[in-house]
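Thanks, everyone. Let me put the model on the screen and walk you through it.

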Amino acid sequence: MQATLYHNPRCGTSRTVLDILRNEIPDLTVVEYLKTPPDPETLRDLASRLPTGAGSLLRTKEPLATELKLMEKDTTEEQIIEAISAHPILLNRPVVVTALGARVCRPAEIVREILPPTA
């Protein structure tokens, strides 16, 4: 199985998910999204795979999210995607994509929802 992790090495939860994936996924791609930000098309694809859409990609604790008024009721998914693309610090992390789906893995154990069952 393959997996992609959108990772921030300074985040403890992201490091925990990375450890889980390294132990269970032979083909792992790690994207340090602050160095290599996802483009809007990638973010749209991620949002379409998540159970709760683009809103779950937004790191609401980031002061910039408030400053840009991204938590207003009338904020569209496209506005969130464009903001994250322009300001990758707004990406909620870690995000994992496998053949079984995509998840924002907060808490870290959520990653197991999209991993193959263990024997």
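Start at Leu-90. Skip its neighbours within four places in sequence, and Leu-90 is in contact with Leu-57, Leu-58, Arg-59, Glu-62, Leu-64, Ala-65, Leu-68, Leu-70, Ala-83 and Ile-84. Contact here means heavy atoms within 4.5 Å.

A word on provenance. This is a predicted model, where local features need pLDDT of at least 70, side-chain atom pairs count only at pLDDT 80 or more, and totals for chains, interfaces and linings use all residues. Residues are numbered from 1 along each chain as its sequence is written, and side-chain values use heavy atoms, with hydrogens and water left out.

Back to Leu-90. Where is it? Leu-90 sits in the loop between α4 (77-86) and β3. Helices are DSSP runs of H or I, at least four residues, strands are runs of E, at least two, and both are numbered from the N terminus. Leu-90 has 0% relative accessibility, so it counts as buried. The cut-offs: buried is under 20% relative accessible area, exposed is over 50%, partly exposed is in between, with a 1.4 Å probe and protein chains only. Thr-66 is 24 residues away from Leu-90 in sequence, and 10 Å away in space, C-alpha to C-alpha.

Now the cores. A nonpolar core is a set of buried Ala, Val, Leu, Ile, Met, Phe, Trp, Tyr and Cys residues joined through side-chain atoms within 4.5 Å. The largest one has 23 residues, and Tyr-6, Leu-57, Leu-90 and Leu-91 touch the most other members. Two or more residues each come from α2, α3 (63-67), α4, β3 and β4. The top contributor is α4, with 4 residues. A second, separate core has 13 residues, including Leu-5, Leu-18, Leu-21 and Ala-108.

Next, the sheet. It is open, has 4 strands in the order β2-β1-β3-β4, and the pairing is mixed. Two strands pair if DSSP finds at least two bridges between them. Which strands stand at the edges? They are β2 (27-32) and β4 (101-104); each has a single partner strand, so one side of each lacks a neighbour in the sheet. The twist averages 15° from one strand to the next. Angles run from 0 to 180 degrees between N-to-C directions, and axes are lines fitted to C-alpha atoms, for helices over the stretch in contact.

Strand β1 (residues 2-7) pairs with β2 in the parallel sense, over 6 bridges. Thr-4 stands opposite Thr-29 in β2.

Two helices to finish. Helix α1 (residues 12-24) packs on the sheet and touches β1, β2 and β3 (95-98). Its direction makes about 165° with that of β1. Helix α2 (residues 40-49) also packs on the sheet, touching β1, β3 and β4, at about 75° to the direction of β3.
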